[in-house]
Amino acid sequence: MQVKTQHDDLQNYLTDASNMPGGHADRLVVAENADEVAAVLAECSAENTPVTVSGARTGTVGGAIPFGGVILSLEKLNGVAIDRERRTATVGAGVILGDLQKEVERVGLFYPPDPTEWSCHIGGNIATNASGARSFKYGATRDHVEGLRVVLSTGEFLSLRRGEAVAADGIVMVVTENGRAIEIRVPTYERPRVRKNVSGYFTSNDLDAVDLFIGSEGTLGVVVEATLRLLEKPKGFFSGIVFFPKESDLLAFVEDVRGSSRKNQVAAAPGSDKSADEGVRVPVDAALLEYFDKNSLKLIAEKFPETPTKMAGAIFFEQETTPENEDVLFEAWNGLLEMHNAAQDESWFTTNEQDLKKMREFRHSLPVTVNERVVRNKQKKIGTDMAVPDDRFKGFLRFYNETLEASGIEYVIFGHIGDAHLHANLLPKTDEEATRSRHIYGRCIAQAIMLGGCVSAEHGIGKLKRNYLAAMMGERYLNEMAEVKRALDPRGILGRGNMFAETYLPA
């Protein structure tokens, strides 16, 4: 165990990708193993010392920024054990996602979650239920977690396997490794009818304790190890970046691809009768469906001058293939593109890794260019992360376009259109524009809530968005969340300030 107290040693642990100012702590502890994590937590609980868990600090909502107490780094918990036969990986919380992806691919397997930042840690992915582009087909991190080993704030261990601790009559019971039983009252709020949502603790009538910890942002316990479900590596793929002269054609294309792909997802879901559903299976089954508006294309063109001009937007799609289905799949995609008036001659398609890498660079160059622009402006970007129900999506996109266009502030809209989840980034040039951008953000939050959406689809709540979570959930349901936290973290030492204000925690 390494313990550091000098300011220079702590400096890198006082910020994350949110750039939230004011972080400070008394000491940094870098644990070498799970037992050291338990010892630190037991000591801090006894002394009522707040603990902020630190991973790769790639989060954008200030969750890893400490305001006093102890920073507990999990970076040394980086063991990986892959069971090829069972198709699982048992990993430490400090494992870097990119490293895991390489290890898994080396044995011919596949771990689908793909948040934009591959330098993130698995522990952080679990804490925020990280998703990304491929969540359109494969879901978020939650859908690939089979088990967790968690250290509670008291220093006790919980070993959880999916299906072993499930709620009954509104209560989920967990038992620590030393035999102490803990009753947790399941929150009664209904989650928004959206595909992606990391706004508040997960809940359902048959809540699995594993799911309660996923997405809890380090406020209920410290995940030290996870067992992840893997898939066989796809045999091939067909990818394209398709440009559309008219937005109405682009949106109609997305609606058709989404509908076709969802039919395949339902037919392939565990427990479904695949033989009975073969009639609804159709060739188009996208793994990802990403959107770029016209302003995004103009910005990307600074790095990719071959980007076509005068386009209303573009869609990046990808579908896995086999030698047996390639021809019928290409024909199906081509038919959809023709039907919806895509600019096929200007669009890009590939089935090889080298060109796909360039397409992904195209996608990832946008947030990089956005960040470069705001640094040049000496301002911060204001970026949204809301999702709305599919049937409310077109109206929400229209609200984005009309509101942002009227503001006169530079902006781009891009992201996970397959999940009705887009990021609108305002790029203010002056302090006055920055103030107006924050007001516009608040209006977007209010609109998303009014449409039955969520205030955060993938970035989490952290410290920066807890007021928006309060607006979405209300006092009653925040109190229900706080009751869950008190059951597992009775002194409220974990992640203070994350998700809800400290006034909800024990005195």
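Q: Is Ser437 buried or exposed?
A: In this predicted model, Ser437 is buried, with a relative accessible area of 0%. The cut-off for calling a residue buried is under 20%, so Ser437 counts as buried on its value of 0%.

Q: Which helix holds Ser437?
A: Ser437 lies in helix H13.

Q: And what does Ser437 contact, leaving aside neighbours within four places in sequence?
A: Ser437 is in contact with Ile382, Ile409, Leu426 and Pro428, once its neighbours within four places in sequence are left aside.

Q: How do H12 and H13 pack?
A: Helix H12, residues 393–407, packs with helix H13, residues 431–450, at an angle of about 165 degrees. Their axes are 11 Å apart.

Q: Why are H12 and H13 described as roughly antiparallel?
A: Angles over 145 degrees count as roughly antiparallel. The angle between H12 and H13 is about 165 degrees, and the two helices are therefore roughly antiparallel to each other.

Q: What is the handedness of the crossing of H12 and H13?
A: The crossing in which H12 passes H13 is right-handed.

Q: Which residues make that contact?
A: H12 contributes Phe396, Phe399, Tyr400, Thr403, Leu404 and Ser407. From H13 come Arg436, Ile440, Arg443, Cys444, Gln447 and Ala448.

Q: How many of the residues in the contact of H12 with H13 fall in each class?
A: Seven are nonpolar, three are polar and two are charged in the contact of H12 with H13.

Q: Changing topic, how many residues are in the largest nonpolar core?
A: The largest nonpolar core has 99 residues, and Leu148, Ile417 and Leu488 have the most contacts inside it.

Q: Which helix gives the most to this core?
A: Helix H14, residues 466–488, gives the most to the core, with eight residues.

Q: What does Leu488 touch, not counting residues up to four places away in sequence?
A: Not counting residues up to four places away in sequence, Leu488 touches Leu152, Ser153, Val174, Ile182, Ile184, Leu212, Phe213 and Leu220.

Q: What is in the second, separate core?
A: The second core has 23 residues, including Phe243, Met311, Phe316 and Leu366.

Q: Now Ile122: where is it, and is it buried or exposed?
A: Ile122 is in helix H4, residues 122–128. Ile122 is buried, with a relative accessible area of 1%.

Q: Which residues does Ile122 touch, not counting those up to four places away in sequence?
A: With those set aside, Ile122 touches Val91, Gly92, Ala93, Val95, Leu97, Leu100, Tyr111 and Leu228.

Q: And what separates Ile122 from Glu43?
A: Their C-alpha atoms are separated by 25 Å, and Ile122 and Glu43 are 79 residues apart along the chain.

Notes
Residues numbered from 1 in each chain as written. Predicted model: local features only at pLDDT ≥ 70, side-chain atom pairs only at ≥ 80, totals over all residues. Heavy atoms only, no water. Core = buried A, V, L, I, M, F, W, Y, C linked by side-chain atoms within 4.5 Å. Buried < 20%, exposed > 50% of the residue type's maximum accessible area, 1.4 Å probe, protein only. Helix = DSSP H or I, 4+ residues; strand = E, 2+ residues; numbered from the N terminus. Contact = heavy atoms within 4.5 Å. Axes fitted to C-alpha atoms, helices over the stretch in contact; angles between N-to-C directions. Parallel < 35°, antiparallel > 145°, perpendicular 65-115°, else oblique. Left-handed = near helix turned anticlockwise from the far one by under 90°. Nonpolar A, V, L, I, M, F, W, Y, C, P; charged D, E, K, R; others polar.
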